[in-house]
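Dear colleague,

My notes on what was found in it come after that, and I would be glad if you read them with the structure open.

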Amino acid sequence: MADSKKTDWFRLDNAATIFPGQNTGEWSNIFRLSVELKDNIDPELLSAAVRNILPRFPSFDVRIRKGFFWYYFEKNPGGAPPVLPDINNPCHRVRFKENGGYLFRVYYHLNRISVDTFHSLADGHGAAVFVLSLAAEYLRLTGVSVSYNEFARCISDKPSGSELEDSFRKFADSNGKIKLGAEKCYHAGKNKLPKHTVNITSGIIRYSEFNALIKSLGVTATEYLAALLLDIHIKKQACEVKRQRNVCIQIPIDLRRRFDSDTLRNFTVCLRAVIDPNLGEYTFDELLGQVHHQLVLASDKKILNAMITSYLKAEQNPFLKVTPLFIKDFGVNVGFSRTAEQSTTALLTNLGAVSLPEDMKPYVEKLMFMPSPGLRNASRLGVATVNDKMVITFSDSFSETDVEREFFTHFIKRGIHVKIESNRY
Amino acid sequence: MSYCVKCGVELDDTAKKCPLCNTAVYMPNADISSNEDQAPFSQVKMIPMDAKKEFIASVITVLLAIPMIVCGIVNLFYRKDGLWSVYVITSVLLFWVIVILPFYLKKIRPYLMWFIDTAAVLVYVYVFFPLRNENANYYLTVALPIIAAVSLCVLIFIKWARGKERHWSSVIIHLAIDIAVISAVTGIISLYYSVVWGAVASIIVFLSVLSLMAFGIYCNRSAKVRAWLEKKFFI
C-alpha cells in the first residue's frame with residue numbers, strides 16, 4: 001500500500017496476487033455477504049448508499065489493471081457500480097471490464113442486500129465491514145438513526161492508513177520456515193451440476209442454543225463445526241471406497257486480532273484440520289479433541305508469522321518478480337487447474353459473531369456469508385452470526401445433498417432448531 | 001410454517017420440497033404458488049458471457065489480418081500486376097464482418113447484424129466485380145436484385161423466428177420458402193439475360209426446395225410422423 005497517499009494506484013496484497021490468475025468460470029474466488037433487513041429494499045436508496053460509502057472505502061473503489069510484472073489497483077473513475085436484482089447463481093466469475101470495472105457486485109432481493117466480492121479486494125472481515133457499513137448507510141437514507149462501530153463505520157471519517165495497509169508485508173518478519181503444500185485428500189462430490197448452477201443451502205440456528213452446546217463441550221464454534229464436517233466425511237468415505245484418504249477441513253482464520261491489524265484488505269491464512277481414517281475409528285468427541293488441539297497448535301502467533309513470511313517470500317522471489325505477468329498468470333492457471341483443492345475435503349469459514357450498533361440491531365434480521373462453490377469441494381461453508389442468529393451456508397456445484405442433510409439433522413438430533421432456506425426449490 | 005417430516009428441519013414457507021432430502025411439502029391449506037415471488041432466493045439465473053469467445057475471436061482476427069497485410073505489401077511493392085490483393089482483402093473483411101464480428105457483441109442483435117451484413121455484401125460485390133472488368137451495369141441489374149431478395153428473405157425469417165418458439169418442421173418450411181423465392185428471383189434474372197446455366201440451376205434448386213417444403217408441411221401436419229422422427233433423430 002506504499003505510495004497510496006501520493007498516487008491513485010496500489011499493489012495487490014500478498015494473498016490477493018494469486019486470485020486474478022485463478023479467475024475462471026469454475027473457480028471464481030468470489031464470496032457473498034448478505035445482510036437481511038426487516039423491510040424490502042428500495043433499489044434507488046441502495047444505489048445512493050453505495051455512492052455515499054464508496055469514498056470511505058478506497059480499497060473497494062478500484063479497478064484492477066495489468067502492469068508488465070504484476071496486477072495493480074487504481075482508483076475507479078466510474079462513480080459506483082450498478083445495483084442489480086438478485087440472481088439464483090451468485091458468485092460467478094468476475095470480468096475485469098464489466099460492472100464498471102468494479103470488483104464487487106451489489107444485489108437486492110426482497111429485504112436482502114447482497115454483495116459479491118472478488119477475493120483480491122478483501123477477505124471476509126473486510127467485506128463484512130463494507131457490507132454492514134452499506135446497510136447502515138441504507139438505513140440512514142430510509143430515515144433511521146444508526147450509530148457507528150467497528151463493523152458499521154462512520155462514512156464521514158477519512159479512511160485511515162491502517163485500513164488500507166498490506167498487513168502481510170507489515171507483520172511478516174519470521175526466520176522460521178513452513179513447508180507449503182500438502183497431500184491429496186478425500187473428495188465427496190460426484191455428480192457435477194450443469195455449468196452456472198450453484199446450490200445454496202442455508203441453515204439458521206439460534207446462536208444461544210448452539211453456544212450453550214459448545215460451552216458445555218469446551219470448544220469454539222469453528223472447532224465444533226469442523227469436527228462435525230470431519231465426522232460426516234469420514235463416515236461417507238468409509239461407505240464409498242476401500243482406500244481411505246485423509247479427510248481435511250480447510251479453515252481460514254482472521255489474523256487481525258493476533259497481529260493487531262485493522263486492515264480492510266486480505267489478512268487471513270488457511271489452517272487445516274486433518275484426520276487420517278486409517279488410524280482407526282474416531283468418535284465425535286475424539287474428533288472434537290483432535291480439531292481443538294490441531295487448531296490451537298497451528299494458531300500460535302509465531303507459526304502464523306512463519307506462514308505469512310513463507311507466502312511473502314514466495315512472492316518476493318527475484319526470479320518470480322521479473323517474470324512477465326502473462327507467464328505468471330499462465331503458470332498459476334495451469335498449476336491451479338492441476339492441483340486445485342486436492343489437499344482439502346471441505347472449506348469452513350467462520351466470520352464469527354458480528355457486533356452491530358445497538359440502534360441498528362432491531363433493523364437487521366440476519367447476516368449470510370457464502371463462499372464461492374469449489375471445483376472439487378462438495379462442501380464449502382460460510383458461517384456468520386448476528387443478533388443471536390447463526391447462519392450456516394453451504395455452497396457447492398454438486399447434485400448430492402447428503403452432507404448438508406447429515407450436517408443439519410445433527411443439530412435436530414441434539415435438540416437445536418434449524419430453519420432451512422435454499423435456492424433449489 | 002412447515003417442517004420436513006424426514007429431516008425435522010423447518011422449511012421456508014415457499015418451499016415445495018425439502019432441499020435436504022427432496023421430500024415433498026404437504027400443506028393442505030397453503031397456496032404455495034401464490035407466494036413464489038417471496039422465495040428467499042431469486043429464481044433468475046444469470047448466464048455469464050463466455051470470456052473465451054472474445055479471446056478466440058481476437059486470435060482469429062489477428063490470424064486473418066496476417067494474409068491481408070502480406071498480400072497488400074507484396075501487391076504494392078513486388079508484384080504490381082494489378083490490384084489482385086483487393087480480392088483477398090475484401091473477401092477476408094467480408095468473412096470477418098459476417099462470422100467474427102458477432103462474437104464481439106455483448107448481446108445478440110439480429111436486426112443490427114442483418115443490416116451490417118447486407119451493407120457489407122453490397123460493398124463487397126460493388127468493389128469486387130468492377131475489378132474483374134465485369135459489365136458495370138451488372139451490379140445494378142443482377143447483383144443488387146439478388147442481394148435485395150436474399151436480404152429481404154433473411155429479414156422476414158428473423159422477424160418470424162423471433163416472434164415465438166417455432167417447431168423445427170415450421171422452420172424447414174420457412175427456410176424452404178425463402179430459398180425458393182431467392183432461386184425464383186435468380187432464375188427470372190437469368191432468363192431475362194439468357195443465361196441458360198443460371199436458369200437451369202435455379203430451377204433445380206427451386207424444385208428441390210419444393211420437395212423439402214412438402215416434407216416440412218407433411219411433418220407439420222402429422223403428429224405421428226413428428227413424434228417418430230423426434231424419437232429416431234434426437235440430438
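**Confidence and conventions**

Residues are numbered from 1 along each chain as its sequence is written, and chains are lettered from A, with ligands numbered from 1, in the order in which they are written. Within chain B, the confidence is highest in strand 2, at 92, and lowest in helix 7 (residues 223-232), at a mean of 75. Where pLDDT is low, the predicted coordinates should not be read in detail. For the complex, the predictor gives an ipTM of 0.87 and a pTM of 0.74.

**Chain B**

Chain B has 7 helices and 2 strands, where helices (H or I, at least four residues) and strands (E, at least two) are DSSP runs, numbered from the N terminus. Along the sequence the order is β-β-α-α-α-α-α-α-α. Of the 235 residues in chain B, 11% are buried; a residue is called buried if 20 or more other C-beta atoms lie within 10 Å of its own, exposed if 12 or fewer, and partly exposed in between, with C-beta atoms placed from the backbone. Among the contacts in chain B with a separation of 6 or more, 46% are between residues 24 or more positions apart, a contact being two residues whose C-beta atoms, placed from the backbone, lie within 7 Å.

The chain is divided into domain 1 (1-46), domain 2 (51-134) and domain 3 (136-235), with bounds that come from an automatic or database domain assignment. Between domain 2 and domain 3 of chain B, the C-alpha centres lie 27 Å apart, and 11 residues of domain 2 are in contact with 10 residues of domain 3. On the domain 2 side of this contact there are 9 nonpolar residues, 1 polar and 1 charged; here Ala, Val, Leu, Ile, Met, Phe, Trp, Tyr, Cys and Pro count as nonpolar, Asp, Glu, Lys and Arg as charged, and the others, Gly among them, as polar.

**Where the chains meet**

The contact between the chains takes 28 residues from chain A and 23 residues from chain B, and the chain B side consists of 14 nonpolar, 4 polar and 5 charged residues. Strand 15 (residues 418-422) of chain A pairs in the parallel sense with strand 2 (residues 10-11) of chain B, over 2 bridges; strands are said to pair if DSSP finds at least two bridges between them. In this pairing, Glu10(B) in strand 2 of chain B stands opposite Lys419(A).

Leu20(B) lies in the loop between strand 2 and helix 1 (51-77) of chain B, and it counts as buried because it has 27 C-beta neighbours inside 10 Å. Leaving aside residues up to four places away in sequence, Leu20(B) touches residues of both chains, including Thr401(A), Phe408(A), Ile420(A), Cys4(B) and Val9(B).

**Strands and a loop in chain A**

Strand 7 (residues 112-118) of chain A has 7 of its 7 residues buried, with Arg112(A), Ser114(A), Asp116(A) and Phe118(A) on one side and Ile113(A), Val115(A) and Thr117(A) on the other. Strand 7 of chain A pairs in the antiparallel sense with strand 2 (residues 30-37) of chain A over 7 bridges, and Phe118(A) is the bridge partner of Ile30(A). Strand 6 (residues 104-109) of chain A also runs antiparallel to strand 7, joined to it by 6 bridges. These two strands form a hairpin with 2 residues between them, and Leu110(A) in the turn has a positive phi of about 50 degrees.

Glu358(A), in the loop between strand 11 (346-353) and strand 12 (364-370) of chain A, counts as exposed because it has 10 C-beta neighbours inside 10 Å. Although Glu358(A) and Val146(A) are 212 residues apart in sequence, their C-alpha atoms are 8.4 Å apart in space.

With best wishes

Definitions and conventions. Predicted model: local features only at pLDDT ≥ 70, side-chain atom pairs only at ≥ 80, totals over all residues. pLDDT = per-residue confidence, 0-100.
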